[in-house]
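Here are a few notes to read alongside the model. Have the sequence and the structure open as you go.

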Amino acid sequence: MRKKITRDGLDRFDLSILDMLQANNRLPHSAIADKIGLSTPSVQRRISKLEENGVIRANIALIEPAYVGNPVTAVIESRLTEDRSIVMDRAKRYFRNVDEIQQCYFVNGGVSFIIIMIARDLQHFERLVRQHFADNQDILTYRTLIVLDPVKTGMRVPLFDLND
């Protein structure tokens with residue numbers, strides 16, 4: 001089980017490392033070390049610790065969906081039929097396993113989930129909506145919003161106080 005650490009457990013070196021890795025996770029450890037004034041082995045140890053503790057969740061390539069045949073992006077608001085835990089947990093498990101769902105947030109405020117989904121075209125999107133929402137016994141209502149222009153996308157986390 002991963003140990004959870006808080007911001008209090010991170011120093012300015014950790015934050016600097018994280019900031020650089022967010023911009024380019026292929027940056028050589030020696031380049032990071034030179035930039036922040038630590039040895040390469042120290043940077044390697046810190047990165048390993050950040051990975052072990054779950055601060056760094058994954059090292060991945062962010063792919064542009066349109067370039068690989070998925071130009072349609074939609075935001076979907078859905079509401080569950082019931083607020084019972086068994087229904088919530090079942091829906092969470094279900095949505096985690098839908099490949100076209102890029103992000104899924106369980107939220108409050110009259111909506112159960114906010115979902116970001118990609119599709120090959122509108123016909124594919126309609127099939128996905130029918131399968132995962134219209135015909136899903138746990139979904140009471142849903143609303144789809146087709147993205148016209150993805151003004152800003154990404155997963156970069158702002159890291160403040162790097163000089164503290």
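1. First, a term: buried means under 20% relative accessible area, exposed over 50%, and partly exposed in between (1.4 Å probe, protein chains only). This is a predicted model, where local features need pLDDT of at least 70, side-chain atom pairs count only at pLDDT 80 or more, and totals for chains, interfaces and linings use all residues. Residues are numbered from 1 along each chain as its sequence is written, and side-chain values use heavy atoms, with hydrogens and water left out.

2. Now the aromatics. Rings of Phe, Tyr and Trp (its six-membered ring) pair if their centres lie within 6.5 Å; planes under 30 degrees apart are stacked, over 60 edge-to-face, the rest tilted. The structure holds five such pairs. Y94 is partly exposed at 32%, whereas F95 is buried at 2%.

3. F133 and Y142 make a tilted pair, at 5.8 Å centre to centre and 40° between the planes. Here F133 is buried, at 1% relative accessibility, while Y142 is partly exposed at 35%. Ring pairs join Y94, F95, F106, F113, F133 and Y142 into a cluster.

4. Which residues does L80 touch, leaving aside its neighbours within four places in sequence? Counting contact as heavy atoms within 4.5 Å, L80 meets V87, M88, A91, S112, F113, D138, I139 and L140.
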